[in-house]
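Here's a quick tour for anyone meeting this structure for the first time. Have a look at the picture, then read on.

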Amino acid sequence: MSTKKPARRLTLRTRVASTMTRGAAALSRVTGRGDGSVIGGRVGLLVDPHLLANLAEGRQIALISGTNGKTTTTRLAAAAMGVLGDVATNSLGANMPSGHTSALARAGHTAYAVLEVDEHYLAQVLAATTPRVVALLNLSRDQLDRAKEVAMMASLWRDALAAHAGGTHVVANADDPMVAWAVWDFAHASAADATVTWVAAGQRWHDDSWVCPNCGAPVERAGDEWWCTGCELRRPDPQWMVKEAGVVDPTGAYHEVRLQLPGRVNRANAATALAVAAQFGVAVGDALPRLVEVTSIAGRYATVVRDGRTIRLLLAKNPAGWLEAFDMAEPAPTLLSINARDPDGLDTSWLYDVDFSPLRGRQVLVTGDRAMDLAVRLEVNDIGFQHVTSFGQAIAAVPPGRLEVIANYTAFQDIRTELDRVN
Ligand SMILES: [Zn+2]
């Protein structure tokens, strides 16, 4: 298999645009307007609308997309790909074309790139970067989105793959019917299904996939299997599986996966990252030691010790994320914090989509702008709780030992700021 396309000479326009991308990013950093990766990319794309495509040319690229886990999976895949050499990758949150442009401009010449892609931009970034591998993790409602929008997103992915048949290998989650459907035609159009690798990455949240996106009939489940009762859509046979504390690769070999990131969901992210890296020729045994190095991502999963309490921060942005956080949290006192500012979504009715009963029996504290919404929800779920008005109060209210914190987007940022201040 060919491993390297010849590096292409960049045109003057692309070189100027690339320099401006880096310049604007640096300017943005020194003026304190964030890390500049978005503004830099925007400036560069104004000068050269093909800048992303030009910067992608000559690199072997993997794209990672999905509602949840894409940041972590991107980090893990970039770490695994590091076995091969330097890997360009985008910084947190910069997962749209301007962010990709900036990441590639900043990285200079690298043979490889692993890019996290906002699910809405998959078609555009596929077309611009002609990646060698695309990993599709899951689709579920984000914030107050409706299940209908989930089906629409699956349909956009499906069209994107149909428009981009040549040369790209897809790594996809066999456990998510929406993802399986988005990839279905792509998988079956190819001669021997060899263009898709299926990963049994799990799906804790089923509420957005009870109805078949293909024919509208109910989807049934038994154990790990799922199938449509009205058409041929069903769970594809996975080549990679998460098993106990590790993964099983396509040869059937079991590998223990040690991570600093908690929970089964992160072992699934690791399985996807390993499947992506394998497409570039990275052996599992070589990648595993690099996965252990990946620590907290922008404070997610970070552990902080304060007044004898070991505090761990878990970010949960949407209903599927809350269920995953309950899986990750140890059975210890748990603080829940919810805001409903713009980035969180203004509507908290999604609270009723989530079953909070895994928290029953532990000490539960609630805080945040919308602590009262949370309180009502916990009442309905018959879970005792205590309201606190600050993070300091929460720490004082729990015994020395572990404190798990689960928060949505801006609530998470508030707690991080508060912890940084006290530090
Ligand atoms: Zn169907």
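## Before we start

This is a predicted model, where local features need pLDDT of at least 70 and side-chain atom pairs count only at pLDDT 80 or more, while totals for chains, interfaces and linings use all residues. Residues are numbered from 1 along each chain as its sequence is written, and side-chain values use heavy atoms, with hydrogens and water left out.

## α4 and α10

Helices here are DSSP runs (H or I, at least four residues) and strands are E runs of at least two, numbered from the N terminus. Helix α4 covers residues 70-81 and α10 covers 284-292; their axes come within 8 Å and cross at roughly 130°. Axes are lines fitted to C-alpha atoms, for helices over the stretch in contact, with angles from 0 to 180 degrees between N-to-C directions.

The two are therefore oblique to each other (under 35 degrees is roughly parallel, over 145 roughly antiparallel, 65 to 115 roughly perpendicular, and the rest oblique). On the α4 side, L76, A79 and A80 meet A287, R290 and L291 of α10, where contact means heavy atoms within 4.5 Å.

## α4 and α9

α4 also pairs up with α9 (residues 263-279): their axes come within 8 Å and cross at roughly 45°. Among the α4 residues meeting α9 are T72, T73 and M81, and N266 and N269 are among their α9 partners.

## The zinc site

What holds the zinc ion? Its protein donors are the SG atoms of C212, C215, C228 and C231, lying 2.2 to 2.3 Å from it. Donors are N, O and S atoms within 2.8 Å of the metal (3.2 Å for Na, K and Ca), and with water not among the atoms, sites may look incomplete.
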